[in-house]
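Here are some notes on the model, as numbered points. Please read them with the coordinates open.

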Amino acid sequence: MSISRIFMTLVIVGILSSCVSKKQYDVLNLNYAQCVENIGERQREIQDLKLSSAALNGENMLLKKQNDALKSSLDACLSNTGKSSANIDKLVGEINASNAYIKRLISANSRNDSLNIALSNKLKRSLDNVTDSDVQVKVLKGVVLISLSDKMLYQTGDYNVLPAAFEVLSKVAKVINDYDKYSVLIEGNTDNVPLNSSNLPRDNWDLSALRATSVARILQNKFGVDPSRITAGGRSEYNPKSNNMSVSGRAENRRTEIIVMPKLDEFMKLMDLAPVKKK
């Protein structure tokens with residue numbers, strides 16, 4: 001209600017109050033007060049509606065922005081569907097190739113482990129009458145390691161193989177020949193006691209290398225091991241198994257090791273199983 005209408009109402013009330021009874025006047029005055037109160041409530045409701053409308057407008061603008069952003073993302077996704085599919089297909093192909101390689105690798109490793117265990121067991125059965133301190137056979141990291149003590153093979157400071165060792169070497173050679181796809185590495189090892197001589201062997205390097213080649217010749221010439229499978233070398237005192245401070249430790253370090261393992265080309269074939277990454 002406008003101010004002018006309220007003023008007119010007051011005027012009319014004043015006029016009427018001069019010509020109406022006290023009871024009628026009170027009724028008119030009460031009605032007027034209620035009218036003014038109702039007008040205030042309506043104004044507050046209008047204000048609340050305006051605030052709610054502004055909030056709704058703000059939320060509507062935010063939703064519109066979010067909708068526009070989602071639409072842009074969807075359009076970009078749809079426009080790149082072909083490229084995304086190609087990338088996914090490539091990734092799936094690489095995963096499948098890797099899984100196939102892992103299966104082949106596990107199969108190859110299992111086959112090699114089985115052969116090594118069989119080879120180790122056969123060697124142990126062949127050498128079961130030899131003192132453990134003189135001959136040790138074990139499978140270590142995929143290869144078969146045969147460790148022969150120097151007291152069984154040589155005289156002190158010498159590199160010529162004793163005839164008494166031929167029986168053991170013949171049994172080793174028999175098993176090596178049965179597994180003709182394996183390579184044979186022969187390593188000579190000494191303790192750290194200096195060996196100084198003007199003749200061969202001059203030092204521990206010479207002694208360890210000459211002992212390894214002596215065993216290689218016995219395996220080749222007496223027991224028919226293919227020399228193309230053999231590698232012989234010396235490691236001097238630099239690959240000890242025990243402490244050189246004690247007599248027993250030095251005795252353990254003086255040894256010749258025969259290592260039987262898959263040939264290098266077999267390892268290379270295994271590596272060739274790896275899938276080639278496409279750029």
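1. Thr-231 is a residue of strand β4; helices (H or I, at least four residues) and strands (E, at least two) are DSSP runs, numbered from the N terminus. With a relative accessibility of 47%, Thr-231 counts as partly exposed, where buried means under 20% relative accessible area, exposed over 50%, and partly exposed in between (1.4 Å probe, protein chains only). Its contacts, leaving aside neighbours within four places in sequence, are Val-184, Leu-185 and Ile-186; contact means heavy atoms within 4.5 Å. The C-alpha atoms of Thr-231 and Ile-186 are separated by 6.1 Å, although the two residues are 45 apart along the chain.

2. On provenance: this is a predicted model, in which local features need pLDDT of at least 70 and side-chain atom pairs count only at pLDDT 80 or more, while totals for chains, interfaces and linings use all residues. Residues are numbered from 1 along each chain as its sequence is written, and side-chain values use heavy atoms, with hydrogens and water left out.

3. The chain has eight helices and five strands, in the order α-α-α-β-β-α-α-β-α-β-α-β-α along the sequence. Of its 279 residues, 25% are buried. Among contacts with a separation of 6 or more, 69% join residues 24 or more positions apart.

4. Is Ser-208 buried or exposed? Ser-208, in helix α6 (residues 204–221), has a relative accessible area of 0% and is therefore buried. Its side chain reaches the backbone oxygen of Trp-205 at 3.0 Å and the backbone nitrogen of Ser-236 at 3.0 Å. Both fall under the definition of a polar contact: a pair of N or O atoms within 3.5 Å, where within protein one must be able to donate a hydrogen and the other to accept it, and residues adjacent in sequence count only if both atoms are side-chain atoms. Beyond four places in sequence, Ser-208 is in contact with residues including Gly-188, Asn-189, Gly-234 and Ser-236.

5. Lys-222 is located in the loop between α6 and β4 (230–234).

6. The largest nonpolar core holds 29 residues, of which Leu-148, Leu-153, Leu-169, Ile-186, Val-215, Leu-219 and Ile-258 touch the most other members. Such a core is a set of buried Ala, Val, Leu, Ile, Met, Phe, Trp, Tyr and Cys residues joined through side-chain atoms within 4.5 Å. Elements giving two or more residues to this core include β1 (135–140), β3 (182–189) and β5 (255–262). Helix α5 gives the most, with six residues. Leu-148 is in contact with residues including Leu-153, Leu-169 and Ile-258, leaving aside neighbours within four places in sequence.

7. The largest pocket contains about 440 Å³ of space. Of the 26 residues that line this pocket, Asp-150, Lys-151, Ala-251, Glu-252 and Arg-254 are the closest to its centre. On a 1 Å grid over the protein atoms alone, a pocket is an open set of points where a 1.4 Å probe fits, with protein on both sides within 12 Å along at least five of seven lines; lining residues have an atom within 4 Å of a point. Grid points are joined across faces, edges and corners, and the volume is the space filled by probe spheres set on the points. β2 (143–149), α4 (150–153), α6 and α7 (247–253) each supply at least two lining residues.
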